[in-house]
Amino acid sequence: MTQPAHKRRICSYDMAEVPAEGYVLAEEQGEMYFCNARCLCLWAVHFVTNPRRAAEQKRIVCELTMPSGERRKFTDFMEAAQWSAANALQGDSNPWFENGIKLT
């Protein structure tokens, strides 16, 4: 008997398999997976600073699920990139750490 296909979650930054305790960034067209805070930060900062990226793409609402299960909703990718930088650098006193709306 054949086993059901296993859906692997691949990190959008370093292309490694994402463990269950990874980060998930969702927007209307799908989900992106990240191994850790560093991968999320590097991907998000690159995304919003890329001069070839259309402004409309940067203004999409997104929702982040963290390894702890906490979820945050961001008004756009710039807000998510700022939050991810503060999070990756352990910036508890960084004002960007307050970006987004805590959902759970």
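Biologist: Does arginine 72 count as buried or exposed?

Modeller: Happy to look! This is a predicted model, in which local features need pLDDT of at least 70 and side-chain atom pairs count only at pLDDT 80 or more, while totals for chains, interfaces and linings use all residues. Residues are numbered from 1 along each chain as its sequence is written, and side-chain values use heavy atoms, with hydrogens and water left out.

Arginine 72 counts as buried, at 8% relative accessibility (buried is under 20% relative accessible area, exposed over 50%, partly exposed in between, with a 1.4 Å probe and protein chains only). Its salt-bridge partner is glutamate 70, with the closest N and O atoms 3.4 Å apart (the term needs a side-chain nitrogen of Lys or Arg within 4 Å of a carboxyl oxygen of Asp or Glu).

Beyond neighbours within four places in sequence, glutamate 79 is in contact with Lys73, Phe74, Asn99 and Gly100 (contact means heavy atoms within 4.5 Å).

Glutamate 79 belongs to helix α3. Residues 77-88 make up this helix, which lies across β1, β2, β3 (62-65) and β4 (71-74), at about 140 degrees to β4. Helices (H or I, at least four residues) and strands (E, at least two) are DSSP runs, numbered from the N terminus; axes are lines fitted to C-alpha atoms, for helices over the stretch in contact, and angles run from 0 to 180 degrees between N-to-C directions.

Those strands are part of an open, antiparallel sheet of five, ordered β2-β1-β3-β4-β5 (two strands pair if DSSP finds at least two bridges between them). Because β2 (30-34) and β5 (101-102) stand at the edges with a single partner strand each, one side of each has no neighbour in the sheet.

Back among the charges, arginine 71 and glutamate 63 join side chains in a salt bridge at 2.7 Å, N to O. Arginine 71 is partly exposed at 29% relative accessibility, and glutamate 63 is partly exposed too, at 24%. Another salt bridge, at 3.9 Å, links glutamate 17 and arginine 8; here arginine 8 is exposed at 51% and glutamate 17 partly exposed at 42%. The whole structure holds four salt bridges.
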